[in-house]
Amino acid sequence: MPYSAEVVRRARARLAQAKEDRESENRQHLAEAYARVPRLKEIDIQLRRTMAQAAQAAFLQGSDGRELMEKVREENLALQRERARLAAENFEEGYLDDSPICASCGGSGYVGSTMCECLRELCRQEQKKEISILAGGKETFSQFRLDYYPDRIDPKYGASPRTIMERNFQNCRRYAATFAPSSGSLLFVGGTGLGKTFLSACIARTVADRGYSVVYETASHLFGKLEKARFSPSEESRREADKFSDCDLLILDDLGTEMPGQFVTAALYNLLNDRILDNKPMVVSTNLNVDEMARRYSAQIASRLHSFQRLTFVGEDIRALKNRGY
């Protein structure tokens, strides 16, 4: 589940700050404790001395070493008991707890070469924050309203828009809840204001919340970033471009609203082809039909997009309905 370099950078910065804050708080508490109960400082000095004596005893042979080790052990335990008693009598529980911010990694973020769960959770949070900014809201499946879709039969589809959209909604929710890197791709097709962006954002948040790396971009922003990486290369622009191919799930919203051109067509073909060959899922939403996609881009691009599971969005423009007070 590779997160983008920027997401990991922000998560590591948060973990480092949290570690520093914890250590600073521990030092402050210890200084205040020493000032209030001077005996605690004496005990800590004696405890460090017993640790040095224990290390020395380990090198002694025979009964002398065993006797010294036992004496040091008893002294150490007595000091620990006295310290615990003084802490309980003078401070609230946990005040002198100097445990690291994470018991598994100590706050480094890694156990060996494996990312620790504490850092992974921060990556998830940073990714969800990024998705919220890009999607422009906090859409969830529970907020989706089927009552905006007409319940009367549409002869064109042989079913009501509400029935069709309920099926789409269930498909999207199931896709997000069971997402895996081997999941297939989805293509949302339909007019404006029918819920394509809303359900795309719901999928993004649910999949990200389950720990997968998700990139959500509108078509105009995505192609702008790819163009910048191509013609104005920098480390930052390359990182931006790489995340589109590296992420577990790429959500491309509003395909067809970007400025057309040869670069866009070539970039879209390469993006689709690379992710299909790598078996990496996508969710693409567009207002274009099959013929329009073939004319705007190419027959090869239209063919690749229509190998995705297609969900047709129908009904009336929900934005217009809301403006009319529905």
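1. In this predicted model, five strands make up an open sheet with parallel pairing, in the order β4-β5-β6-β3-β7. The edge strands, each pairing on one side only, are β4 (214-218) and β7 (309-313). On average, neighbouring strands of the sheet are turned by 15° against each other, direction ignored. Strands (E, at least two residues) and helices (H or I, at least four residues) are DSSP runs, numbered from the N terminus; two strands pair if DSSP finds at least two bridges between them.

2. Residues are numbered from 1 along each chain as its sequence is written. As the model is predicted, local features need pLDDT of at least 70 and side-chain atom pairs count only at pLDDT 80 or more, while totals for chains, interfaces and linings use all residues; side-chain values use heavy atoms, leaving out hydrogens and water.

3. Strand β3 (residues 186-190) pairs with β7 in the parallel sense over five bridges. Within this pairing, leucine 187 stands opposite arginine 310 of β7. Helix α5 (residues 161-177) packs on the sheet and touches β3, β5 (249-255), β6 (282-286) and β7; contact means heavy atoms within 4.5 Å. The direction of α5 makes about 140° with that of β7, where angles run from 0 to 180 degrees between N-to-C directions and axes are lines fitted to C-alpha atoms, for helices over the stretch in contact.

4. Helix α5 also packs with helix α6 (residues 196-209), at an angle of about 20° and with the axes 8 Å apart. The two helices, α5 and α6, are therefore roughly parallel to each other, a term used for angles under 35 degrees. In α5, Phe169, Cys172, Tyr175, Ala176 and Ala177 meet Leu199, Ile203, Thr206 and Val207 of α6. By class, this contact of α5 with α6 has eight nonpolar, one polar and no charged residues; Ala, Val, Leu, Ile, Met, Phe, Trp, Tyr, Cys and Pro count as nonpolar, Asp, Glu, Lys and Arg as charged, and the others, Gly among them, as polar.

5. Not counting residues up to four places away in sequence, threonine 140 touches Phe198 and Cys202.

6. Arginine 319 is found in helix α12 (residues 318-323) and is exposed, with a relative accessible area of 52%. Arginine 319 and threonine 192 are 127 residues apart in sequence and 8.8 Å apart in space, C-alpha to C-alpha.

Technical notes
Buried < 20%, exposed > 50% of the residue type's maximum accessible area, 1.4 Å probe, protein only. Parallel < 35°, antiparallel > 145°, perpendicular 65-115°, else oblique.
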